[in-house]
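This briefing reviews side-chain pairing and chain contacts in a structural model. Points are grouped by topic.

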Amino acid sequence: MTDSKIIADVLSGDKEAFTELVRRHHTKTIGLCLSLLRNKTEAEDAAQDAFLKAYQALATFKEGAQFSTWLYQIAYHHCLDLLRKRTREKLDSWDALLEEKGEQIHQLMASPSTEGAAENTDLVNRVLKALPEDYRNILILREINGFSYEEISDLLRCSLDAVKGRLKRAREDLEEKLRHLLKPSDV
Amino acid sequence: MNDEFWKKITQTFLKKVEVSPDEHFVTRVMARIEDPQPAWKRWLVPSFGAVFASVLFALTVTQDQNDLSAEDLLADDVVEFNLEELS
């Protein structure tokens with residue numbers, strides 16, 4: 001059964017039919033929230049909120065559109081709102097982070113398999129947070145979540161060319177920032 | 001752009017997120033759809049119940065302590081009264 005048929009059933013009064021939409025799309029929605037919020041509990045709560053918002057706004061869903069893209073849009077913008085509310089969170093400047101943790105970042109890149117350790121997870125989070133917001137978000141969408149250019153274009157409400165351009169600049173920026181940490185033999 | 005270097009960056013800082021299907025998550029979402037109250041409202045009644053039970057418990061304990069003290073005092077009076085009678 002297609003998502004559109006399920007939506008039609010829900011709108012005609014079959015509330016339980018929405019269960020199938022949650023079942024189909026929850027892993028990717030939680031993954032999106034997790035990659036943005038970097039906290040499992042907050043990510044699950046945010047994903048729940050996104051499904052609830054989608055359910056409440058289902059009557060406004062445009063027939064013919066992709067339900068998944070619409071849902072990811074809701075989840076993405078909800079996470080950005082939550083991130084903006086984290087006003088007390090300390091943000092590192094890139095230079096300060098390199099000065100404090102440059103050696104550890106170098107070691108982490110030399111053996112990325114140790115990333116699971118709590119202190120390394122924290123370091124990865126700090127590196128991502130130190131990037132400009134636009135670059136960080138587009139890298140998260142493309143590299144961590146594996147969204148297509150078209151999906152990112154829908155999520156960010158911009159053209160395909162804009163997505164490709166911003167992604168290229170974001171990659172170059174991150175490469176440039178990390179390159180001088182590595183010895184010539186590492187590159 | 002150096003592909004090897006970029007691969008190393010993605011393996012370190014941009015690892016793919018793997019989320020397993022979770023039927024409990026599906027159930028929780030559907031429960032919220034059935035009862036779309038905010039979290040604080042869902043906990044309001046149980047919280048009042050817990051506070052009421054705590055106050056009741058505290059009063060009962062205090063009452064028991066008061067009863068004991070009164071009995072002790074009364075017992076002391078009875079002993080003194082009996083002693084007076086004997087003398």
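In this predicted model, A:Arg23 is partly exposed, with a relative accessible area of 36%. Salt bridges with shared partners join A:Arg23 to A:Asp3, A:Glu20, A:Arg24 and B:Glu23 in one network. The points below begin with that network and then turn to the interface, the aromatic residues and chain B.

**Salt-bridge network**

- A:Arg23 forms a salt bridge with A:Glu20, and the closest N and O atoms of this pair are 3.4 Å apart.
- Both A:Glu20 and A:Arg23 belong to helix α2 of chain A, where they are 3 residues apart, about one turn of the helix.
- A:Glu20 is partly exposed, its relative accessible area being 29%.
- A:Glu20 also forms a salt bridge with A:Arg24, with 3.2 Å between the closest N and O atoms.
- About one helical turn separates A:Arg24 from A:Glu20, because the two are 4 residues apart in helix α2 of chain A.
- A:Arg24 meets A:Asp3 in a further side-chain salt bridge, at 2.7 Å from N to O.
- This pair links distant parts of the chain, 21 residues apart: A:Arg24 is in helix α2 of chain A, and A:Asp3 is in helix α1 (residues 3–11) of chain A.
- The two partners fall into separate burial classes: A:Asp3 is buried at a relative accessible area of 17%, whereas A:Arg24 is partly exposed at 33%.
- Over all chains, the whole structure contains 14 salt bridges.

**Interface of chain A and chain B**

- About 3,500 Å² is buried between chain A and chain B, and carbon and sulfur atoms give 69% of that area.
- In chain A, the residues that lose the most area to chain B are A:Gln48, A:Ile144 and A:Glu175, together 18% of what that side buries.
- Chain A contributes 44 residues to the contact, and chain B contributes 28 residues.
- Between the two chains there are 4 salt bridges, one of which joins the side chains of A:Asp49 and B:Arg32 at 2.9 Å, N to O.
- There are also 7 residue pairs in polar contact across the interface of chain A and chain B.
- The elements giving two or more residues to the side of chain A that touches chain B are α2 (18–37), α3, α5 (94–110), α6 (118–129), α7 (133–144) and α9 (160–179) of chain A.
- With 10 residues, α2(A) gives the most to that side.

**Aromatic residues**

- The structure holds 6 aromatic pairs over all chains.
- In one of them, the ring centres of A:Phe51 and B:Phe25 are 6.0 Å apart and the planes are at 65°, so the pair is edge-to-face.
- This pair joins two chains, because A:Phe51 lies in helix α3 (residues 40–56) of chain A and B:Phe25 in helix α2 (residues 23–34) of chain B.
- A:Phe51 and B:Phe25 are both buried.
- The pair of A:Phe61 and A:Phe67 is likewise edge-to-face, because the planes are at 70° with the ring centres 6.1 Å apart.
- A:Arg142 is placed over the face of A:Tyr149, 4.5 Å from the ring centre.

**Chain B**

- Chain B has 3 helices and 0 strands, and its elements run α-α-α from the N terminus on.
- Of the 87 residues in chain B, 15% are buried.

Notes. Residues numbered from 1 in each chain as written. Chains lettered and ligands numbered in written order. Predicted model: local features only at pLDDT ≥ 70, side-chain atom pairs only at ≥ 80, totals over all residues. Heavy atoms only, no water. Phe/Tyr/Trp six-rings, centres within 6.5 Å; stacked < 30°, edge-to-face > 60°. Buried < 20%, exposed > 50% of the residue type's maximum accessible area, 1.4 Å probe, protein only. Lys NZ or Arg CZ within 6 Å of the ring centre and 35° of its normal. Contact = heavy atoms within 4.5 Å. Buried area = accessible area lost by both parts, 1.4 Å probe. Polar contact = N/O pair within 3.5 Å; in protein donor to acceptor, adjacent residues only side chain to side chain.
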